[in-house]
Amino acid sequence: MDFPHNHSTNFPSPSSSSTSSSTARQPPPSTATTSTTDNDPMHSWWESVSKQRSRILSLSYLLPSDGTTLSSLADSDRPALSLLSSPAAYSLISSALSSPTSGSGSDPLCQWLYETFQSSDPHLRLLVLSFLPLLSGTYLSRIHTSDSSSFPSFSGFEAVLLAVYSSEVKSRSGKPLLVQIPDLSQPSLYHAPRNKPADDRSRQSVGLLSPPLEPHLAVKSTKRAVIVGTALDCYYKQVSQMPAWSKLDFCTFAAAWAGQDCPCRTKLDGDDLDHHESGNGNSNGHDHFFRKDSGFSNGTRSRDGDDVGTEDDVIKDVVVEMDNLGINKEDAENLEKKGVRIPLPWELLRPVVTILGLCLFGPSNSQDEKDAASIAIRCLYARASHDLAPQAILALQSLIRLDKSARAAAKAAATVVANAPSNANTPSKAKKPEILLVSK
């Protein structure tokens with residue numbers, strides 16, 4: 001930084017040598033002011049708010065419909081978080097991202113998302129990540145449709161995905177993602193091994209979640225799953241701060257990516273698991289979330305191999321199944337309209353499964369989010385069973401069993417509350433007789 005020359009300070013008169021020596025040791029006023037400004041939390045907050053307002057106002061000029069909604073959000077004390085929690089703003093942005101002309105290199109909304117993610121403000125980056133399920137779902141669905149040539153180029157979508165991917169490459173610094181696997185031969189707080197454990201401290205079980213990432217300047221077909229999966233890893237880190245509509249979008253696309261074309265998704269809700277639990281005396285009657293005779297198929301074949309008519313029959317079956325879970329029927333009707341069946345390599349499926357697990361068991365999630373995640377997990381389980389993917393089968397099977405036990409416990413607790421005496425004046429147990437002590 002170039003500081004302004006102050007001759008009266010830097011070059012004092014010779015007659016005041018003591019004053020000049022003390023003055024010469026003082027830092028320039030601009031340096032002190034800059035240091036004070038950097039350490040001032042109020043200045044940092046105001047700079048962040050100004051940056052957020054500027055980005056949101058620029059977004060209001062891009063969207064073709066009512067821009068007053070976004071302008072009013074920009075005037076709040078927390079502009080980015082206000083936009084994040086606004087249903088009206090979500091409707092505007094999602095409509096623009098889902099339009100047939102979106103995703104090209106000249107798409108102004110994709111350019112806005114790309115430039116906003118380059119910001120150092122964490123709330124602005126969180127805002128971009130909240131639309132990652134819709135962006136990646138639309139991108140992957142269009143890439144793998146039969147008439148993908150009818151869409152414009154996808155360079156706008158890919159630029160945003162590469163920006164998120166590049167940030168994760170930088171944060172990992174060329175290191176892989178590892179996980180420590182518990183060694184059952186060593187004692188722990190929860191178990192004691194049958195055999196005497198060998199005192200081998202050097203033996204550690206380490207699992208590889210993700211290998212070191214390589215930088216990419218373009219999205220190639222062979223690296224598409226890695227890039228999108230890594231971007232979803234960034235979303236996974238912030239999923240606890242995501243609004244409900246973002247997680248519902250993700251669950252909807254995940255179910256559509258699985259294809260939903262086989263009744264195998266209800267296998268763990270059927271007789272096999274019921275028989276296993278009845279042997280332990282744990283059968284609870286809450287084991288049929290879906291219809292066991294469902295011939296749901298993506299509009300091609302039913303479970304008996306016969307042709308099933310149109311997509312309306314498919315959506316009707318989804319509505320019935322989701323209604324049994326208590327999910328809004330309007331959300332069920334939109335399930336098939338948001339995505340198509342796509343290839344699911346493990347690089348893409350792993351972050352999808354981890355995000356669905358948090359959507360299913362997150363303590364602050366609504367029941368709609370848990371129900372949507374429950375359906376997506378069962379659809380992916382059916383897909384993994386047909387693809388013979390052992391990693392996905394084990395992970396999804398565990399989530400389904402945990403979901404069943406959690407729903408059974410919730411139902412049992414609700415039954416206890418319903419059977420409790422409703423009269424508040426009725427004492428739960430007899431009171432002890434009062435004993436009065438009288439002094440003589």
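Met 42 sits in helix α4, which covers residues 41-62. Keep in mind that this is a predicted model. Is Met 42 buried or exposed? Met 42 is exposed, and its relative accessible area is 53%. Together with Trp 45 and Trp 46, Met 42 makes up a nonpolar patch on the surface, and the accessible area of the three together is about 350 Å².

The largest nonpolar core counts 81 residues. Among those with the most contacts inside this core are Leu 83, Tyr 139, Leu 348 and Leu 380. Which helix gives the most to the core? That is α18, with 9 residues. The core also takes at least three residues from each of two domains: domain 1, made of 46-67 + 81-181 + 206-242, and domain 2, made of 243-267 + 338-412.

Next, the charged pairs. Side chains of opposite charge can pair when their charged atoms come close. The count here is 10 salt bridges. One of them joins Lys 247 and Glu 369, with 3.1 Å from N to O. Lys 247 belongs to helix α13, residues 244-258, and Glu 369 to helix α18, residues 367-387, so this pair links distant parts of the chain, 122 residues apart. Lys 247 and Glu 369 are both buried.

Helix α18 has a second pair to show. Arg 378 forms a salt bridge with Asp 403, and their closest N and O atoms are 3.0 Å apart. This pair also links distant parts of the chain: Arg 378 is in helix α18, Asp 403 is in helix α19, residues 390-419, and the two are 25 residues apart. Both Arg 378 and Asp 403 are buried.

Asp 403 has another partner. The side chains of Asp 403 and Arg 407 meet in a salt bridge, 2.9 Å from N to O. How many residues apart are Arg 407 and Asp 403 in helix α19? They are 4 residues apart, so about one helical turn separates them. Asp 403 has a relative accessibility of 3% and counts as buried. Arg 407 is buried as well, at 12%.

Elsewhere, salt bridges link five residues in a network: Glu 168, Arg 172, Asp 233, Lys 237 and Arg 350.

On to the cysteines. A disulfide is a covalent bond between the sulfur atoms of two cysteines. How many disulfides does the structure hold? The number is 0. Take Cys 359: the closest cysteine sulfur is that of Cys 251, at 4.2 Å, which is too far for a bond because the cut-off is 2.5 Å. Cys 359 is buried, at 1% relative accessibility. Cys 379 is buried too, with a relative accessible area of 3%.

Last, the backbone. Most residues other than glycine have a negative phi. Ser 173 is not a glycine, yet its phi is positive, about 55°. Where is Ser 173 found? Ser 173 lies in the loop between α11 (155-172) and β1 (177-181), and it is exposed, with a relative accessible area of 54%. Leu 388 also has a positive phi, near 55°. Leu 388 is placed in the loop between α18 and α19. With a relative accessible area of 67%, Leu 388 is exposed.

That is the tour. Questions, please.

Technical notes
Residues numbered from 1 in each chain as written. Predicted model: local features only at pLDDT ≥ 70, side-chain atom pairs only at ≥ 80, totals over all residues. Heavy atoms only, no water. Salt bridge = Lys/Arg side-chain N within 4 Å of Asp/Glu carboxyl O. Buried < 20%, exposed > 50% of the residue type's maximum accessible area, 1.4 Å probe, protein only. Patch = residues over 30% accessible without salt bridge, like charges linked within 9 Å, V, L, I, M, F, W, Y side chains within 5 Å. Areas by Shrake-Rupley, 256 points an atom, 1.4 Å probe, with all protein chains shown as cover. Core = buried A, V, L, I, M, F, W, Y, C linked by side-chain atoms within 4.5 Å. Domains from an automatic or database assignment.
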